[in-house]
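Me: I would like to go through the labels used for this model and see what each one rests on. Please set the values against the cut-offs.

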Amino acid sequence: MSRILERLDELYAIGATRIGYSPEEDAAHELAARWLAEAGLEVETDRAGNTFGRRGDAELWLGSHLDTVPNGGRFDGALGVVAAIEVAEQVDVPLVVVAFRDEERSCAGSRACVEDGRLPGAFLELHIEQGPVLARAGAALGIVTAIVGQARGDVVFEGRADHAGTTPMDARKDALVDAAAFVLRARDSAAPAAVVTVGRLVVEPGATNVVPARVTASVDVRAPTSAELERLIASLGFEPSYRTEPVAMGGRPLAALREAAAGAPELVSGAGHDAGILAAAGVPAGMLFVRSLNGGVSHSPDERSSPEDIAQALDVLTEAVRIIS
């Protein structure tokens with residue numbers, strides 16, 4: 001267990017910002033390659049820069065990613081890679097440990113594997129939850145049953161630019177007022193298992209003393225079913241520029257996690273992951289979440305999971321690998 005924490009510290013020392021294909025992400029992959037070799041695995045990379053450590057004629061892959069968002073946390077992605085290496089140290093079975101490239105921006109590494117037809121027979125990913133659900137439930141671990149579908153796009157509100165001092169309130173056509181009403185409607189449209197976020201507003205002309213003439217609002221919609229995703233898109237009236245469908249975990253990996261972590265709560269991931277990319281391509285995949293502390297904060301230096309929870313997750317991941325193998 002101490003080795004996992006030490007390796008997380010070593011990766012974080014490279015930088016809290018390890019954007020995909022940056023020198024910092026390169027350095028993280030070089031470090032992981034060294035650890036894979038020390039574990040006795042045959043190390044290789046593919047055209048996308050994904051790093052693999054192989055033992056034997058393996059169908060099972062386990063791992064995650066090493067890139068971060070700007071000023072990210074210590075555990076997101078990296079925990080899944082170092083824990084997978086630790087499993088390889090402890091279980092002498094055929095397996096592949098993979099560190100995917102550039103997950104945060106586009107899941108570039110796992111998408112490249114799909115494009116190249118280089119797919120495992122099964123995939124396991126350990127990841128921090130990145131939210132407060134497990135902490136609220138008092139549970140150290142959770143089993144992911146599905147990953148939400150996402151839709152993103154812009155909604156534009158047109159008004160009229162007017163002088164802020166001389167135009168009466170009842171004579172204005174304020175685009176920002178319309179946008180504000182939309183933000184509240186978006187909030188209220190979310191169902192219990194779905195979420196809607198307006199994360200950016202671009203106000204034009206953007207002057208303190210001018211009534212806004214045009215506002216562009218970004219919309220991010222996430223739902224556990226395609227039907228619910230479609231309902232939200234229709235109710236908010238935007239054309240998605242990006243869309244992914246919900247994808248279920250399943251097969252041997254999900255069954256193995258349920259056996260290894262009997263009684264653990266099950267939940268849907270509200271964030272995308274490499275496991276979802278592989279599962280959408282037909283790979284049986286399973287995800288195990290570790291409780292996030294500090295209110296579930298993630299994509300932040302304040303991100304935290306406890307050594308005790310991580311140790312428990314490692315035990316479950318190791319047992320799941322034994323079950324599958």
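Me: In which strand is Leu201 found?

Reply: The model is a predicted one. Leu201 belongs to strand β9, residues 201–204.

Me: Why is Leu201 called partly exposed?

Reply: Its relative accessible area is 40%. Buried requires under 20% and exposed over 50%, so Leu201 falls in between.

Me: What makes Leu201 part of a surface patch?

Reply: Patch residues need over 30% relative accessible area, and the 40% of Leu201 passes that cut-off. Leu201 forms a nonpolar patch with Leu176 and Val203, with about 200 Å² of accessible area together.

Me: How do you know that Arg101 and Asp26 form a salt bridge?

Reply: The N to O distance is 2.9 Å, and the limit is 4 Å, so the pair qualifies. Arg101 sits in the loop between β4 and α4, while Asp26 is in helix α2, 75 residues apart.

Me: Which of these two counts as buried, and why?

Reply: Arg101 does, because its 9% relative accessible area is under 20%. Asp26, at 29%, is partly exposed.

Me: Why does the pair of Arg200 and Asp154 count as a salt bridge?

Reply: Their side chains meet at 3.6 Å, N to O, which is within 4 Å, so the label applies. Arg200 lies in the loop between β8 and β9 and Asp154 in strand β7, so the pair ties together parts 46 residues apart in sequence.

Notes:
Residues numbered from 1 in each chain as written. Predicted model: local features only at pLDDT ≥ 70, side-chain atom pairs only at ≥ 80, totals over all residues. Heavy atoms only, no water. Patch = residues over 30% accessible without salt bridge, like charges linked within 9 Å, V, L, I, M, F, W, Y side chains within 5 Å. Areas by Shrake-Rupley, 256 points an atom, 1.4 Å probe, with all protein chains shown as cover. Helix = DSSP H or I, 4+ residues; strand = E, 2+ residues; numbered from the N terminus. Buried < 20%, exposed > 50% of the residue type's maximum accessible area, 1.4 Å probe, protein only.
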